[in-house]
Amino acid sequence: MAGGAFASGSGDVHFEAKITYTVIISCIMAATGGLMFGYDIGISGGVTSMPSFLEHFFPDVYKKIQEHGVDSNYCKYDNQSLQLFTSSLYLAALVATVFASSVTRKLGRKYTMLIAGVFFIIGTVLNSVVNGLLLLIFGRLLLGCGVGFANQAVPVFISEIAPTRIRGALNIMFQLNITVGILIANLVNYFTAQIKGGYGWRISLALAGVPALMLTFGSLLVHDTPNSLIERGFEDEGKAVLKKIRGVENVEPEFQEILKASKVAKTVKSPFKNLIKRHNRPPLIIAVMLQVFQQFTGINAIMFYAPVLFSTLGFKSDASLYSAVITGAVNVFSTLVSVYFVDKVGRRILLLEACVQMFVSQMVIGLVLGLKVHDYSESLSQGFAVLVVVMVCTFVSSFAWSWGPLGWLIPSETFPLEARSAGQSVTVCVNMIFTFIIAQGFLSMLCHFKFGIFFFFSAWVLAMSLFTVFLIPETKNVPIEEMTEKVWRNHWFWKSFMED
């Protein structure tokens with residue numbers, strides 16, 4: 001066992017637990033679903049800035065970027081087919097997560113992760129060998145199915161298996177792996193872009209199979225969560241797994257809490273109808289708004305299209321990929337800040353501090369672009385280019401220790417068991433809807449809004465700040481099956497939704 005025993009819970013309920021190797025290894029295995037997701041986010045932006053990839057699949061865009069002074073700097077990459085290459089994955093994930101909800105509930109978290117890995121492997125193989133745009137998009141759709149299933153199962157798996165005291169830190173491993181995946185993708189793109197012969201993009205796309213294989217084989221090795229096993233009627237197995245992951249014999253208090261929650265869950269015949277009942281609206285509203293706000297910070301616009309964005313600002317091809325690597329590294333190290341602080345200072349402080357930092361950096365980027373980057377100018381001066389990269393890194397760092405990981409953590413820990421799978425499905429679904437909107441629309445918005453797009457996103461950051469101040473409760477150190485009693489019934493606004 002790693003670490004010592006501690007009691008979690010409050011009032012008369014105490015859950016004994018050690019931080020066991022089984023829990024740590026299980027969470028690391030599961031979080032490779034984030035690595036898979038993050039690699040795809042990073043890789044798509046990199047290959048769409050590679051001339052050989054554009055010449056092969058998007059000759060119109062390739063022609064525009066070769067012609068200097070013909071198109072506005074902001075509009076060189078404005079192409080719906082190019083945007084569909086990125087966004088199609090999220091459209092598929094949106095549909096897949098609806099099916100993943102029932103799979104997660106009926107087959108468990110473990111096998112949902114296995115299905116996710118298989119989808120991703122098939123999509124990766126197809127994407128790396130195709131020569132036509134339609135098959136390329138079809139491969140992306142299969143990758144999207146994998147993302148939908150993984151994002152449905154992994155955060156719930158980690159929240160249910162983790163001891164209360166470190167639930168936030170372990171859950172953020174999912175987001176940490178997303179950021180590591182983005183960084184690895186940026187590094188891969190940087191090196192494959194140097195390959196002569198024009199096939200570097202194939203290597204970039206093919207390497208997505210590595211995290212997919214890790215998730216597939218990892219899911220075969222881990223136990224399913226006690227919550228899922230007990231909910232599906234495997235009470236003895238669930239109790240045995242609970243003892244193993246907690247590292248203590250006395251798991252009866254926690255077992256009884258899960259058993260009570262599972263009995264309620266079994267009475268629910270229609271999880272999605274149950275989800276909209278009055279007492280489930282507080283976590284549902286917060287989960288939905290977290291996903292909307294997470295996307296309208298503008299983070300995915302930057303992470304999807306970082307190389308394209310830097311190319312738009314006048315950075316040369318290698319320099320734009322190099323700058324994307326820098327932002328990817330900042331993303332990883334800043335997520336580690338969240339791992340350390342989330343269970344110490346809580347969720348709200350991280351969210352609010354980040355809002356201030358994101359607002360300032362977006363405004364500075366918008367002002368610099370508005371003053372210095374005109375439609376047909378060749379590039380920013382070196383000083384202003386460095387300032388833009390610094391501000392992008394400042395923005396990315398604040399997102400990485402707040403709205404990025406907490407957008408997944410808070411929904412996964414706040415729904416009651418009977419609504420958890422359906423709630424996570426809605427969470428992923430809304431996230432994918434707005435990720436699709438941003439991915440499909442950003443390059444067109446950049447063309448029409450120009451520098452004003454950063455002011456657009458900063459206005460959303462203001463709205464996020466107010467929502468956090470008044471409506472997001474603190475959930476640190478609250479056992480996952482006690483959220484109703486300890487959080488919602490004590491909140492100034494949400495308590496009115498709680499029925500006796």
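A search of the whole structure, which is a predicted model, finds 14 salt bridges, a salt bridge being a side-chain nitrogen of Lys or Arg within 4 Å of a carboxyl oxygen of Asp or Glu. Local features were taken at pLDDT of at least 70 and side-chain atom pairs at pLDDT 80 or more, whereas totals for chains, interfaces and linings use all residues. Residues are numbered from 1 along each chain as its sequence is written, and side-chain values rest on heavy atoms, with hydrogens and water left out.

In one of these salt bridges, Arg-347 pairs with Glu-413, the closest N and O atoms lying 2.9 Å apart. Because Arg-347 belongs to helix α17 (residues 347-372) and Glu-413 to helix α19 (residues 403-414), the pair ties together parts that are 66 residues apart in sequence; helices here are DSSP runs (H or I, at least four residues), numbered from the N terminus. Arg-347 is buried at 1% relative accessibility and Glu-413 is buried at 0%, where buried means under 20% relative accessible area, exposed over 50% and partly exposed in between (1.4 Å probe, protein chains only). Salt bridges that share partners also join Arg-109, Glu-160, Arg-420 and Glu-481 into one network.

Within helix α12, Glu-257 and Lys-260 are three residues apart, about one turn of the helix, and their side chains meet in a salt bridge at 3.9 Å, N to O; Glu-257 is buried, with a relative accessible area of 14%. A further salt bridge links Lys-243 to Glu-249 at 3.6 Å between the closest N and O atoms, with Lys-243 partly exposed at 29% relative accessibility and Glu-249 exposed at 63%.

Four cavities of 30 Å³ or more were found, a cavity being a set of points, on a 1 Å grid over the protein atoms alone, where a 1.4 Å probe fits but cannot get out. The second largest cavity holds about 90 Å³ of space, the volume being that filled by probe spheres set on the points, which are joined across faces, edges and corners. Its lining (residues with an atom within 4 Å of a point) comprises 14 residues, of which Phe-15, Thr-164, Glu-254, Ile-480 and Glu-481 are the closest to the centre. Helices α6 (133-161) and α12 (252-266) are the elements that give two or more residues to this lining, and α12 provides the largest share, three residues.

Key
On a 1 Å grid over the protein atoms alone, a cavity is a set of points where a 1.4 Å probe fits but cannot get out, and a pocket is an open set with protein on both sides within 12 Å along at least five of seven lines; lining residues have an atom within 4 Å of a point.
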